[in-house]
Amino acid sequence: MSEWFEERIFAPLRTGENTENADAAVDAMCRETVDYFVSRESVCLFAAMTLGQERETFAEAVRGYFTDWVDALATALRRRGLTDEGAASRALDAVAAIQGGLILARAYGDDATFERIVDRTRQHLLAPAPRR
């Protein structure tokens, strides 16, 4: 799982030198995330590990997974013109929305809920950077 995320989500967000590349990476992140979680019945194993007795055993791996995601996304958002603080904030909100969307979709038994949440998250991520 972690190799898939590194290759398909994190690395594309970290690379590129301009806004177009960042926009494409954010779009791809959203699309790939929906495809990945819908095909696995809306379960995030890393998030699930934080809920049970395994919490302490996997705490470092789980923290690393979420930190990598937020940091990679913030890197792409900085290329879109956001400040360090704005990019970090937007990235953290996005990952939280996606993970919360997984929980809601699972509770409702409805993948469309997750897809709508990720789409709104994508729109928020790609909104213009505030003027400085």
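The model is predicted, so local features need pLDDT of at least 70, side-chain atom pairs count only at pLDDT 80 or more, and totals for chains, interfaces and linings use all residues. Residues are numbered from 1 along each chain as its sequence is written, and side-chain values use heavy atoms, with hydrogens and water left out. The protein has six helices and zero strands; helices (H or I, at least four residues) and strands (E, at least two) are DSSP runs, numbered from the N terminus.

**Overall composition**

- From the N terminus on, the order of elements is α-α-α-α-α-α.
- Of the 132 residues in the protein, 36% are buried; buried means under 20% relative accessible area, exposed over 50%, and partly exposed in between (1.4 Å probe, protein chains only).
- The protein exposes about 7600 Å², and carbon and sulfur atoms supply 50% of that area. Accessible areas come from the Shrake-Rupley method with a 1.4 Å probe, and for residues only the protein chains shown count as cover.
- Among contacts with a separation of 6 or more, 68% are between residues 24 or more positions apart; contact means heavy atoms within 4.5 Å.

**Helix H5**

- Helix H5 covers residues 84-108, which is 25 residues.
- From its first C-alpha to its last, H5 reaches 36 Å, close to the 36 Å expected at 1.5 Å a residue. The expected span of a helix is 1.5 Å times one less than its number of residues.
- The buried residues in H5 include Ala-87, Arg-90, Ala-91, Ala-94, Val-95 and Ile-98. Gln-99, Gly-101, Leu-102 and Ala-105 of H5 are buried as well.
- An α-helix has 3.6 residues a turn, so residues three or four places apart point the same way.

**Packing of H1 and H2**

- Helix H1 (residues 2-14) and helix H2 (residues 19-39) pack at an angle of about 160 degrees, and their axes are 8 Å apart. That angle makes H1 roughly antiparallel to H2.
- Axes are lines fitted to C-alpha atoms, for helices over the stretch in contact, and angles run from 0 to 180 degrees between N-to-C directions.
- Angles under 35 degrees count as roughly parallel, over 145 as roughly antiparallel, 65 to 115 as roughly perpendicular and the rest as oblique.
- H1 and H2 make a left-handed crossing. A crossing is left-handed if the near helix is turned anticlockwise from the far one by less than a right angle, and right-handed if clockwise.
- H1 contributes Trp-4, Phe-5, Arg-8, Ile-9, Pro-12 and Leu-13 to the contact. From H2 come Ala-25, Val-26, Met-29, Glu-32, Thr-33, Tyr-36 and Phe-37.
- Glu-32 belongs to helix H2 and counts as buried, at 15% relative accessibility. Not counting residues up to four places away in sequence, Glu-32 touches Trp-4, Arg-8 and Ile-9.

**Packing against H6**

- The axes of H5 and helix H6 (residues 111-125) come within 8 Å and cross at roughly 170 degrees. H5 is therefore roughly antiparallel to H6.
- On the H5 side, the residues that meet H6 are Arg-90, Ala-94, Ala-97, Ile-98, Gly-101, Leu-102, Leu-104, Ala-105 and Tyr-108. On the H6 side they are Thr-113, Phe-114, Ile-117, Val-118, Thr-121, His-124 and Leu-125.
- H2 and H6 pack at about 165 degrees, with their axes 10 Å apart, and are therefore roughly antiparallel to each other.
- The crossing of H2 with H6 is right-handed.
- H2 supplies Val-26, Asp-27, Met-29, Cys-30, Thr-33, Val-34, Phe-37 and Val-38 to this contact. H6 supplies Asp-111, Phe-114, Glu-115, Val-118, Arg-122 and Leu-125.

- Gly-64 is in helix H4 (residues 55-79) and is partly exposed, with a relative accessible area of 27%. The C-alpha atoms of Gly-64 and Ser-2 are separated by 10.0 Å, and the two residues are 62 residues apart along the chain.
- Asp-71 also lies in helix H4 and is partly exposed, at 43% relative accessible area. Asp-71 and Ala-91 are 20 residues apart in sequence and 7.6 Å apart in space, C-alpha to C-alpha.
- Ala-88 is in helix H5 and is partly exposed, at 34% relative accessible area.
- Leaving aside neighbours within four places in sequence, Ala-88 is in contact with Val-70 and Ala-74. The C-alpha atoms of Ala-88 and Leu-73, 15 residues apart along the chain, are separated by 8.1 Å.
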